[in-house]
Number of protein chains: 2
Amino acid sequence: MHRKSLTRQNQPIGDSVKKIQINNPPAKLKIRKLIPKEIREEKKNHIRFATLGGLEEIGRNMSFFEYKDEIVIIDAGLEFPDADTPGVDYLIPNVGYLEARKKNIKGLIITHAHFDHIGAIPYIIEKLGNPTIYTTNLAKEIIKKRQGEFPNSSKLDFEIVKNHDRIKISENFEVEFFNIIHSIPDTVSVLLKTSAGNFVYCTDVKFDYHENGSPIGFEEFEWVSKLNIHTLFLESTNAESTGNSTPEKIVEKNIEEIFKKASGRIFIGIFASLLTRIEEIIKIAEKHNRKVAISGLSMKTNVQIAQNLGYMKIKKGTIIPLEDVNKYRDEKILILSTGAQGEPNASLVKIANGEHRFVQVKHGDTIIFSSSIIPGNEKSVQTLKDNLCRLGAKIFHSKLVDLHASGHATGDELKKIVKIIKPKFYLPIHGQFFMRSVSCELASEVGVPKENCLLPDNGQVVEMTENNAKLTNELIPAYYIMVDGLGVGDVGEIVMRDRRVLSNEGMVVIIATLDRRNGRFLKNPDIISRGFIYLKENKELVEDLRKKIKGVISRIPVHQSMESDYIKSLIRDQIGQFLYNKTKRRPMVLPVVIQV
Amino acid sequence: MHRKSLTRQNQPIGDSVKKIQINNPPAKLKIRKLIPKEIREEKKNHIRFATLGGLEEIGRNMSFFEYKDEIVIIDAGLEFPDADTPGVDYLIPNVGYLEARKKNIKGLIITHAHFDHIGAIPYIIEKLGNPTIYTTNLAKEIIKKRQGEFPNSSKLDFEIVKNHDRIKISENFEVEFFNIIHSIPDTVSVLLKTSAGNFVYCTDVKFDYHENGSPIGFEEFEWVSKLNIHTLFLESTNAESTGNSTPEKIVEKNIEEIFKKASGRIFIGIFASLLTRIEEIIKIAEKHNRKVAISGLSMKTNVQIAQNLGYMKIKKGTIIPLEDVNKYRDEKILILSTGAQGEPNASLVKIANGEHRFVQVKHGDTIIFSSSIIPGNEKSVQTLKDNLCRLGAKIFHSKLVDLHASGHATGDELKKIVKIIKPKFYLPIHGQFFMRSVSCELASEVGVPKENCLLPDNGQVVEMTENNAKLTNELIPAYYIMVDGLGVGDVGEIVMRDRRVLSNEGMVVIIATLDRRNGRFLKNPDIISRGFIYLKENKELVEDLRKKIKGVISRIPVHQSMESDYIKSLIRDQIGQFLYNKTKRRPMVLPVVIQV
């Protein structure tokens, strides 16, 4: 068996994985064996790094650093499911390795309050032994609020951090936080000081531009560049894009232009998490004398928290309850709404479908989509726009003018960060292989030697010493854990595979009730089918199918064993083939043999 | 019941639909009753138009014009399924209305050889009574080739048309064809001359630009503008986009730049249908002394047909069989491949997965994606790029430089067409409501009165007289027909709904084998589950479930009727609730009661 798949899939979590690796070290290590003393030195001093999510997907970000018996974790995010994982709620990182070492965990650092960085906390924090969460004020409140939604969840232990706070988390890890720009306030990057050197771990980051084109947000990187950075860990979400990010000022200007022209109500569909822009939009509304009503629980909560903490300065009386919008003239109303992705049950979708309790769209309304379309949501967004347009609303979206700017730096901007910091080693995070690979190329264009750009997979351990950083063959289990309803991890790959088959081909259950004494039918075979063909309208096929089943059973010689498993496999194979011949489809055939 | 849903869903095809409408004419008609003579005149002379697909989706394009007892159809396309229609092969238009009037059908015009315009032909042509297909040479050969793939399909009757051919299809319909630019050669637009006036029916169209920026492709519209056009029917696919289309010359130039730098083999992933660009790429290969191998049956077929007909001029010896690529030095090879969307089983995916018979990707290979990403395919394309990148290939795609140009005109270009043609009425086709609505706005900006811009739904009849064109309330059945394996139409909404539930929640089959005499269990209940929870790993839940089932049955008083349906509904409700309480999921519960 191929060794990668062995360690990845079949190994129990914990030390056994490591043991196997030692028996079969990577090529480079073998060469080093010529200088045994150096190895011993290095092994003793090396810092280990691995991600448990975020390197083979967008989302589910979680990484950790380990040195001797100390572990520091950064972020604990979730990923939303897609067509490959139908029906599950979230995918979260596998924390088995950390759980087995929970006594070593010295802290969990959270860089910002987006779900792909905080969403796994309620599911894993106890497994990690409830470590102190180091994070900013805003993130703390949003995490706390969410934790409260989980019954019986444990109380969290926070330590609030501010820009340039220095914290000695443990004997060997000192951390300094510095602010970076993202689409939510209070996003920090982490400067980690270790015996091997200084690391910069920079999650989601964007840049903005003044109206004269001069950039905002590079100053902190200038500061950190003086600290002789060993390895820069940098996000890669938009590494494939070029040029500069769209300035938020342009977005705000374009939105304000629409405000100037709109004579009726204005709706803005926006992500609940884009708090920075939401604040700016509320300011525009105040300037144009519009009251602001918020539709969508998550946005309401976020705005409330941000307002309470002073991150949002909103005039008294600006925000009104949604149920009061009809008390004001149309041109005095702005409604901020979640659901710009066309998610079923989200606020804007309910409004478009006429299912909202308080708000109906009418002729003269203006609707602004201040959001990008998350890949996979194109059709539902198009349907949403159709429905709103049919109601007579005027719709503005980013294909016409910029009404949204990404929260992630472009490839060219990432390159600038690398150029400023000049790290010895470069390890792009938050992106699939190709994105990270593009990011490495960009880094090598500005001076990081190609061999110092690292592309590990999820779970692959990276070892760092004073003068080196290298991939190892050691793989920590990092396959995803599915959260479905109350179940965490009980939906696995087999269940997913079945869902995919059921979804594409449907299924046929065949129940053969046989006389135990002679193996003959006690009654006509029962047939249930869903998602394959509508049986009531295909009676001929059902009759043929019954005959075929009887034929399969009757051809078994009476003296032969009537073992259930044997009959089942006969039915599965022959009926499967029969249905394929008749329909060119392969429904899942589930035989049940009842012998009475 | 709301009348729209009545006519749309429950009415049999045929005259009955029409009858209902006459009993309940649209508001406008009611007013007209004041001038009865005019109505009679109008009814006698009106041309009827409806689409059977293409107005509420991208794809499945099919429209027809009807006058007295004559019908002319334009296009008969298919639509590819999406997340809402899992597992089906295609969606095709419902031709019930036409089938009931097949003796009136005078011809089927096909504008070009793309599947969203020709794909339904094998499924519907016999229902339409095998009318003559009027189309260009290239489309004819591609349609014929595909028809041959359907066993027992009838022979098609073609009449080949060329630029500015005038054909009197029937007493009341005269047609003139004129060439327009699209991503496949030999695309025509239709000028339809009728007693009500001249119509232009313009399906997929794009514009190109010379290197100096001057546009190509507007000339024919200048010509047609002199003919006093009554209604312009114009595609809307890219109506939401602005600016000019990317010139093909730029795309070719960018591709050639990559050719100049590549030292190994070059792969280009491209749609099999983009014959115009494929020809240009082959020319670039010839210029740079590379042989061309084609991977992907559909592309091979298309190129062969285009070459045979003289649409592609390829030097002898340029095209080599795919199995011969290893006989040449790497820098002498170009491989054109289908599968740039990451479709499972497509050529490029097989190559990336190391499953291709002849071709493996290696370090030094260059891979160009000369294609857009069809919405919904983002993840599979990303995975494809990841896999190719991991094999050491250098990848170029359109996010970096333009390596693809759309086959559809932008909103601004559509506006130019309207401005040139100056039609009295405007009816955008090929697009969802919002896209068409945007297109109407653009048309009204260049002079078409707003009330003359029409936005019918699929199946909604439009009536046109010399001075008028208006929507009616008449709805022809235009819901889609699903093709799944050998079945056409046997997979309906119920089967789809079941597939969606199965895909999200899975199912649990519960088999209760009861003693007919006393209604008590003869054996333990059998439980089968797929896509819900992996039973083998959740034995406790299974045991609880068994107990619960027994409890449900045992609580039925012995004297009470043990009617199967009653027991089934008990199990369905109570077990459904039980599982929800335990897991917060709602699998489909399928009870089977066997009484022996």
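A crossing of two helices is left-handed if the near helix is turned anticlockwise from the far one by less than a right angle, and right-handed if clockwise. The model is predicted, with local features needing pLDDT of at least 70 and side-chain atom pairs pLDDT 80 or more, while totals for chains, interfaces and linings use all residues. Residues are numbered from 1 along each chain as its sequence is written, chains are lettered from A and ligands numbered from 1 in the order written, and side-chain values use heavy atoms, without hydrogens or water.

In chain B, helix 15 (residues 411-421) and helix 16 (residues 433-445) cross right-handed. Helices (H or I, at least four residues) and strands (E, at least two) are DSSP runs, numbered from the N terminus. The two axes come within 9 Å and cross at roughly 45°. Helix 15 of chain B is therefore oblique to helix 16 of chain B. Axes are lines fitted to C-alpha atoms, for helices over the stretch in contact, and angles run from 0 to 180 degrees between N-to-C directions. Angles under 35 degrees count as roughly parallel, over 145 as roughly antiparallel, 65 to 115 as roughly perpendicular and the rest as oblique.

In chain A, 8 strands form an open, mixed sheet in the order 7-6-5-3-2-1-22-23. Strands pair if DSSP finds at least two bridges between them. The edge strands are strand 7 (158-160) and strand 23 (468-475) of chain A. The twist averages 25° from one strand to the next. Strand 1 (residues 47-53) and strand 22 (residues 460-465) of chain A run antiparallel, joined by 3 bridges. Phe49(A) has Val462(A) as its bridge partner in strand 22 of chain A.
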